[in-house]
Amino acid sequence: MDLDFTQAEQDFRIEVRDWLADHVPAALPSMDTREGFAAHRDWEATLAGARLSVVSWPAEYGGRGASLIEWLIFEEEYWAAGAPGRVSQNGIFLLAPTLMRFGTAEQRALLLPRMATAEDVWAQAWSEPEAGSDLAALTSRAERADGGWRLHGHKTWSSRAAYATHGFGLFRTSDTRHRGLTYFMFPLDEVNVRPIAQLDGENGFAELHFDGLFVPDSMVLGDVGEGWRIAMATTSSERGLALRSPGRFTATADRLVKLATGDPVLADRAARCWIDAEAYRLHTYATARRLMAGAEIGSATSMGKVFWSELDLRMHALAMELLGEHAAATPWLDGFLFALAGPIYAGTNEIQRNIIAERVLGLPR
Amino acid sequence: MNFAFTDDQLALAATVRDVLRAHCPPESLRTERGPAWAQLAALGFFSVLVPADADGLGLELIDLIPALEETGRACLPGPVVETAVAAPYLLHGTPELAKLGSLRVTVRFDGHPHVPDADLADLLVIGRRLVSRDAVRLAPRPGADPCRKLFDVAYDEWTELPGSATRALRGATVATAAQLIGVARHLLDTTVDYARARTQFGRPIGAFQAVKHQLADVAIAVEFAAPLVHRAALSLDRPSGERDASAAKAAAGEAAVLAARTALQAHGAIGYTHELDLRFWLARAWSLSAAYGGTAEHRARVRALVHDAPRFP
């Protein structure tokens, strides 16, 4: 066992740190406004120009073939530098790993390079008005058509869909609860999109109404009827490593302990957050090692999802207490509102605790 | 970067686990003060950290961590951490070092209130003084843990030890944190078994979400405390060593205390008795979370040191 970085890993860290120091922009407007979305998309293109938007992808798709450890190093530097949120997150961290694993060579060659530069920005389309935590109850359907499928139905809480170019999600191709679902990818320009303002007042969500949108067979991801299994592999990366890397929490914890220097009770709570952020970081290095050795992490990702989402909320709630009315003039307020969503999205923490209890601990259903 | 235990480290833990299953079963905690000690000594367990030129294995603290977790899981009584971890560092440069494999040693570091398991010890280290068993008078102190008895000691003869106790205290802190992880794992496993077996309202109580979610929270706490302990063992002699040891002890203590609280609640009244073995692990969670500095003290140290040293890694 060792925790030492190789010289190449250290060199990579320095390269990333130096580049970010020269290029990270001053705070951008919210990515959930038209203007902010465009600014974040430009930032993604700038990152891609330095081949830093998707470092872990193969070079042919715009990455550097970086290892998981190097990707974690990138993330630590990225968030420590105060760089912008990733508007392409749903694509690069959710869809792309699924394409790498289940997609065809043609799909990868067509979609991944455009995703890496944010030419295409992807939104997820999982939930429906009557299918949230119980996702497999979804009723949006795909009907067979010549050379493809026609999508019908109603999706909601689609993050980034107000301004994104493309979407991906599950649609029913038969009545079997899990085996009747298929994974589709589609452009959003012919979908009826109704933006939904989130708690911060900006259009972070949208409703999507499908009225016969044609999707060719080439835009089905994986086999027909395999959508649930494929999506679970995606959400497993969403809950785990890909969506919320430790770098953002260690960066927040570092800022928090600097903020909490006065009252010893609040300073103690900040120290606990700092320890937890370190714990998540170290745990992730151990997980990365296991993944690199070919292991699957499976249901254990649910433990990470609960841990980081509740840590993030605890850190921001503490900052609210520390700052009082001054919070509104700082990025902590936006961070707090963002952190409040963490225990809800990617499978609520109640669902995650059920998964941990039943599939990790073996308690009865 | 290879943050995973080696086959050798895991094999040592598996051997220790087998020995403890055979020689430190739960019923022995009621009748014996030092079960499995002779078998562990025969295995060389207590000389793992003793340098090779003093007849030890000359290994590092990290090599012993999974095995220490097993001693916590089995609730092994006696001065395990003091003998296996603190003593090799404290007795460095003394003739006693070469005898460590078969001696029982206990320790009271300066500023700490009592001596654990002094009734079992052949040698005592009090501050920087080495005291033999024959030269010491013991006064038992009240304590929560029947298998980790606390004492005050009086003595008239001693030998002054060279060097500093800093490394030994830090090592003992990390080793105790490793034991706490093992204690918490046992408490979780036992409680999951109980929640699957115990039925009320016609269902196992583990089928109720109120129980499930509490046990899930214990699983999460243990899962994320463990890597802090492993890192602290690796950073023992690094600039971040003190901070990392305190982070590990705070998190492991908190996880074990949560595991104990949840275990007791899920067991209900039967858990609140002397009849069930559960009480030994509850007591160990409380006694070890307080040993070598409680959670609040270690968190305060983390707070004070947080920006003093670079992160490791």
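1. In this predicted model, helix α1 (residues 7-23) of chain A and helix α2 (residues 34-49) of chain A have axes that come within 12 Å and cross at roughly 140°. Because of that angle, α1(A) counts as oblique to α2(A). The crossing in which α1(A) passes α2(A) is right-handed.

2. The residues behind this helix contact can be named individually. From α1(A) come A:Trp19, A:Leu20 and A:His23, which meet A:Trp43, A:Thr46 and A:Leu47 of α2(A). Sorted by class, the contact of α1(A) with α2(A) comprises 4 nonpolar and 2 polar residues, with no charged residues.

3. Chain B contributes 45 residues to the contact, and chain A contributes 42 residues. Between them, chain B and chain A bury about 4,300 Å², and carbon and sulfur atoms account for 66% of that area. On the chain B side, B:Met1, B:Phe224 and B:Arg311 supply 20% of the area that chain B buries against chain A, which is more than any other three residues supply.

4. Chain B contains an open sheet of 4 strands in the order β1-β3-β4-β7, with mixed pairing. At its edges stand β1 (105-108) and β7 (159-160) of chain B; each has a single partner strand, so one side of each is left without a neighbour in the sheet. Helix α5 (residues 80-90) of chain B packs on this sheet, where the helix touches β1 and β3 (123-126) of chain B. The direction of α5(B) makes about 70° with that of β1(B).

5. Which residue of β7(B) is the bridge partner of B:Leu130? The partner is B:Thr159.

6. An open sheet of 3 strands is also found in chain B, with the order β2-β6-β5 and antiparallel pairing. Its edge strands are β2 (115-116) and β5 (136-141) of chain B, each of which pairs on one side only.

7. Strand β6 (residues 150-155) of chain B runs antiparallel to β5(B), and 6 bridges join the two. Opposite B:Arg141 stands B:Leu150, which lies in β6(B).

Notes. Residues are numbered from 1 along each chain as its sequence is written. Chains are lettered from A and ligands numbered from 1 in the order in which they are written. This is a predicted model: local features need pLDDT of at least 70, side-chain atom pairs count only at pLDDT 80 or more; totals for chains, interfaces and linings use all residues. Side-chain values use heavy atoms; hydrogens and water are left out. Two strands pair if DSSP finds at least two bridges between them. Axes are lines fitted to C-alpha atoms, for helices over the stretch in contact, and angles run from 0 to 180 degrees between N-to-C directions. Angles under 35 degrees count as roughly parallel, over 145 as roughly antiparallel, 65 to 115 as roughly perpendicular and the rest as oblique. A crossing is left-handed if the near helix is turned anticlockwise from the far one by less than a right angle, and right-handed if clockwise. Contact means heavy atoms within 4.5 Å. Ala, Val, Leu, Ile, Met, Phe, Trp, Tyr, Cys and Pro count as nonpolar, Asp, Glu, Lys and Arg as charged, and the others, Gly among them, as polar. Buried area is the accessible area (1.4 Å probe) that two parts lose on being put together, summed over both.
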